Every structure is written in C-alpha cells, then in structure tokens.
Amino acid sequence: MAESKSLRKPVFIKVDQLRPGTIGHTLTVKVVNTKMVLQKGRADGPQVRQMRIAECLVGDETGMIIFTARNEQVDLMKEGTTITLRNAKIDMFKGSMRLAVDKWGRVEVAEPANFNVKEDNNLSLIEYELVNVVEE
C-alpha cells in the first residue's frame with residue numbers, strides 16, 4: 001500500500017474547444033454575470049436543505065458559455081471573479097450547451113486573470129440537433 005501514484009497534470013482548455021456531450025474539462029474562466037434561476041428550501045429531514053441554481057455567463061479570450069452553478073457553487077460566482085473549473089462537463093439543455101460541475105468536479109476561485117472575455121462568441125446560443133444515423 002506504500003505505492004506512490006503520480007497525479008496527472010490537468011490539461012487546461014479554452015471555451016471554444018468545448019463540444020456537446022463531452023466530459024472531464026479543466027478550464028479557467030471569468031464570470032461575466034450571474035442570474036438566480038431556482039431557490040427553494042425543503043424541510044424533509046432533520047435539517048432544512050436549501051436548493052439553489054444559478055445560470056452564470058462565464059468565458060475566456062476565445063468565447064463564452066452558460067455555467068449552471070448549484071448550491072455552494074452559487075456563492076463563488078460573483079461578477080468579475082476568475083474561476084477554475086475542474087472535471088467540468090457539457091450538459092445539453094433545450095438544444096444548447098451548458099457547462100456544469102457535478103460532485104466529481106471542483107469549482108475554485110483563482111488568481112485574477114489578465115484576459116478580456118470575448119463576448120461575441122457565446123457557445124450557448126448555438127442550437128444543436130440530435131440526428132440518428134441508421135446504418136444499412
């Protein structure tokens with residue numbers, strides 16, 4: 001049990017490299033704006049649980065995408081903050097891409113980045129359609 005496993009270095013990608021249905025992304029982005037979508041409390045147990053979901057527009061020098069922040073992640077998503085997303089995935093919502101980090105990933109506040117967000121390339125505005133290919 002004294003084996004030492006070396007951890008892989010994360011490969012940081014840019015927003016314009018994101019594609020539908022992909023997982024395991026690590027990227028550094030700036031928060032452009034945040035909009036609370038859902039906030040409700042549930043008293044179904046010993047402690048009252050608060051459920052919060054916010055849609056945050058995040059981006060880097062190559063483009064922007066909507067990041068769906070959940071619960072504790074919402075507190076980190078303040079306008080102008082630089083965030084590192086680890087093990088992020090692309091969810092499809094009504095035909096468009098959304099970036100999300102589930103329990104296997106991490107959202108961290110990073111050192112302020114010195115790039116300007118490219119606001120004319122919003123990947124969440126591109127609508128995708130699922131096409132079934134029948135092989136004969």
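View 1. Asp 91 is partly exposed, at 27% relative accessible area. Partly exposed sits between buried, under 20% relative accessible area, and exposed, over 50% (1.4 Å probe, protein chains only). This is a predicted model: local features need pLDDT of at least 70, side-chain atom pairs count only at pLDDT 80 or more, and totals for chains, interfaces and linings use all residues. Residues are numbered from 1 along each chain as its sequence is written, and side-chain values use heavy atoms, with hydrogens and water left out. Asp 91 meets Lys 89 in a salt bridge, 3.8 Å from N to O. A salt bridge puts a side-chain nitrogen of Lys or Arg within 4 Å of a carboxyl oxygen of Asp or Glu. Lys 89 is partly exposed too, at 24%. Lys 89 also forms a salt bridge with Asp 102, again at 3.8 Å, N to O. Lys 89 belongs to strand β4 and Asp 102 to the loop between β5 and β6, so this pair ties together parts 13 residues apart in sequence. Asp 102 is partly exposed, at 31% relative accessibility.

**View 2. Asp 75 and Arg 52 in a salt bridge.** The closest N and O atoms of this pair are 2.9 Å apart. Asp 75 lies in helix α1 (residues 72-76) and Arg 52 in strand β2, 23 residues apart. Helices (H or I, at least four residues) and strands (E, at least two) are DSSP runs, numbered from the N terminus. Asp 75 is partly exposed, at 42% relative accessibility. Arg 52 is buried, at 17%. The count of salt bridges comes to seven.

**View 3. The largest nonpolar core.** A nonpolar core is a set of buried Ala, Val, Leu, Ile, Met, Phe, Trp, Tyr and Cys residues joined through side-chain atoms within 4.5 Å. The largest one has 23 residues. Leu 27, Phe 67, Leu 85 and Leu 99 are among those with the most contacts inside this core. Strands β1 (25-42), β2 (49-60), β3 (63-70), β4 and β5 (96-100) each give two or more residues to it. Strand β4 gives the most, with four. A second, separate core has six residues, including Leu 57, Met 64, Phe 115 and Val 117. In soluble globular proteins, nonpolar side chains tend to be buried together.

View 4. Contact means heavy atoms within 4.5 Å. Leaving out residues up to four places away in sequence, Leu 85 touches residues including Leu 27, Phe 67, Leu 99 and Val 107. Thr 84 lies in strand β4 (residues 82-93). Thr 84 is buried, at 7% relative accessibility. Beyond neighbours within four places in sequence, its contacts include Phe 12, Leu 27, Val 107 and Ala 110.

**View 5. A nonpolar patch on the surface.** Met 92, Ile 126 and Tyr 128 form this patch, with about 240 Å² of accessible area together. Such areas come from the Shrake-Rupley method with a 1.4 Å probe; for residues, only the protein chains shown count as cover. Patch residues have over 30% relative accessible area and no salt bridge; like charges are joined within 9 Å, nonpolar side chains (Val, Leu, Ile, Met, Phe, Trp, Tyr) within 5 Å. Met 92 is found in strand β4. Met 92 is partly exposed, at 40% relative accessible area.
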